Amino acid sequence: MAELHVELVAADRRVWSGEASLVVARTTAGDIGIMPGHQPLLAVMQSGAVIIRTAGESGQGTVVVAVHGGFLSYTDGKLSLLTEIAELSDEIDVERAERALEQARAEADADAERRADVRLRAAAAAR
Amino acid sequence: MGAQLREYKRRIRSVTATKKITRAMEMIAASRIIKAQRRVAATSPYADELTRAVAAVGQGSDVKHPLTTAAERPRRAAVLLITSDRGLAGGYSANAIKAGEALTAQLEAEGKEVDTYVVGRKGVAYYAFRERPVSESWTGFTDNPTYADAKTVAAPLIEAVQRETEEGGVDELHIIYTEFVSMMTQTPRRRRLLPASFGAEAEQAAESPVGVPPQDPAEATDTTRRRGEVLPLYEFEPSAEQVLDALLPRYVESRIYNALLQAAASKHAATRRAMKSATDNAEELIRSLTRAANTARQAEITQEISEIVGGASALADASATGSER
């Protein structure tokens, strides 16, 4: 089966890159799944978990990443996910995210609450 | 010990102490260059992909947007000047300021009002001393800029670009920073961020008129360098306009971030070079002072010997005349 090359880059580093058979991301118009051979696409992502089903050289498996806004662009079998902040699910400290969520709720900080929520959901999706 | 010799010894000690300091600063700067360079490299995938995306939207759609479309009659331009917080870096800040002045003069000659935005204490001091207005300024992070810093800098600029010209908005956004070419060379660069230029037509528009310093070829943006590349027809989600709206701030932020990082690397390189020549000068000074001290010491010894010899012969003369009597 064909594969698509994924580059997931944050503003200050390359978070993940490899081969995948399916990438599911949340855009402003809803969730979108991208498989090899998709039409060239440029979309605005929303905060949420990006699920990458790895294939080929990267081996079978799933990589879950929490992204906070950004873009995805797909052309010629190459998918770029651009985001200001991205965290791999293994990097997420669940306890800390939970604490952050509680604190954000207490302080009614909508942005922080959303960020913590995205982290937790990504961590949950990876399990 | 004679007064002269003592004076030389004192100066040698003082210069040696200074040399130790400059040598340490040189080492620190050298290690920071590597770190700063690595950070520049780490941001380039993001910046490249973003530039590609912007180019794709710019070519693949005919949406009118400040990001891609030049105003018919641009009346006001914003110039972001990136200098450093600290000195001891040779002509680093002065060169950036000079490039900024040249660009300002050029834009004014084209009949545009110029709003100046300054990063770094040196630039701020320059404008404050000359009592010239600065729209906004930031200090405190030039040595180690983070993405959050780039966002704070970008926010008022993006806001100014999106405002109508009549209400004080700007039509163009230029940025002056010092590009890190190599350890030995750092050149001030001027780059037009907005409207971004793609393709051959826009490239001509982006190029500066004649009579500008020879740094111009570098003014071409990354996007124009890829002019041969044909970009595929994209599908936009939700719409080309909305994608552009979302892209614009990220594009400006990432460009500013990249410029800040390059400027930081250049600053460290300039510091290293300045400190290296200071260390070399100190060594030179110590050498000549040591020579002078040696001469002084020798002169003292010679004088002492001649005094002793003179004294002895005077005594001998005296005793010789005494015995004759």
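Predicted model: local features only at pLDDT ≥ 70, side-chain atom pairs only at ≥ 80, totals over all residues.
Residues are numbered from 1 along each chain as its sequence is written, and chains are lettered from A and ligands numbered from 1 in the order in which they are written. Over residues 199-228 of chain B, pLDDT stays under 50, and for this stretch the model has 37 contacts beyond four places in sequence, a contact being a pair of residues whose C-beta atoms, placed from the backbone, lie within 7 Å. The mean pLDDT of chain B is 83, with 86% of its residues at 70 or more, and that of chain A is 84, with 98% of its residues at 70 or more. Within chain A, confidence is lowest in helix α2 (residues 110-126), at a mean of 77, and highest in strand β3 (residues 30-34), at 89. The model as scored has ipTM 0.77 and pTM 0.80.

Helices (H or I, at least four residues) and strands (E, at least two) are DSSP runs, numbered from the N terminus. Followed along the sequence, the elements of chain B come in the order α-β-α-β-α-β-α-β-β-α-α-β-α. Of the 325 residues in chain B, 36% are buried; a residue is buried if 20 or more other C-beta atoms lie within 10 Å of its own, exposed if 12 or fewer, and partly exposed in between, with C-beta atoms placed from the backbone. When contacts in chain B between residues at least 6 apart in sequence are considered, 77% join residues at least 24 apart.

**Helix α3 (residues 121-129) of chain B has four buried residues, R121(B), K122(B), G123(B) and Y126(B).** The buried residues of α3(B) pack against β1 (76-82), α2 (92-109) and β2 (113-119) of chain B. Just after α3(B), E131(B) takes a positive phi of about 50 degrees.

**A3(B) lies in helix α1 of chain B.** A3(B) is exposed, because 7 other C-beta atoms lie within 10 Å. Although A3(B) and A296(B) are 293 residues apart along the chain, their C-alpha atoms are separated by 9.7 Å.

**The contact between the two chains takes 23 residues from chain B and 22 residues from chain A.** On the side of chain B that touches chain A, at least two residues each come from α1 (3-60), β6 (235-237) and α7 (240-324) of chain B, and the largest share, 9 residues, is that of α1(B). The residues on this side of chain B comprise 17 nonpolar, 3 polar and 3 charged, where Ala, Val, Leu, Ile, Met, Phe, Trp, Tyr, Cys and Pro count as nonpolar, Asp, Glu, Lys and Arg as charged, and the others, Gly among them, as polar. Strand β4 (residues 41-45) of chain A is joined to β6(B) by 3 bridges, and these strands run parallel; two strands pair if DSSP finds at least two bridges between them. A43(A) has E237(B) as its bridge partner in β6(B).

**Chain A is assigned two domains, domain 1 (4-88) and domain 2 (92-126).** Domain bounds come from an automatic or database domain assignment. The centres of domain 1 and domain 2 of chain A, taken over C-alpha atoms, are separated by 22 Å, and their contact takes 9 residues from domain 1 and 9 residues from domain 2. On the side of domain 1 that touches domain 2 of chain A, the elements giving two or more residues are β5 (48-54) and β6 (61-68) of chain A, and β6(A) gives the most, with 4 residues. By class, this side of domain 1 divides into 5 nonpolar, 3 polar and 1 charged.

**The largest nonpolar core has 104 residues, and those with the most contacts inside it are V65(A), I82(B), L157(B) and I176(B).** A nonpolar core is a set of buried Ala, Val, Leu, Ile, Met, Phe, Trp, Tyr and Cys residues joined through C-beta atoms within 7 Å. With 19 residues, α7(B) gives the most to this core. Domain 1 (4-88) and domain 2 (92-126) of chain A both give residues to the core, so the core lies between them. Leaving aside its neighbours within four places in sequence, I176(B) has contacts that include V79(B), L80(B), L81(B) and I82(B), as well as P188(B) and R190(B).

Key. pLDDT = per-residue confidence, 0-100.
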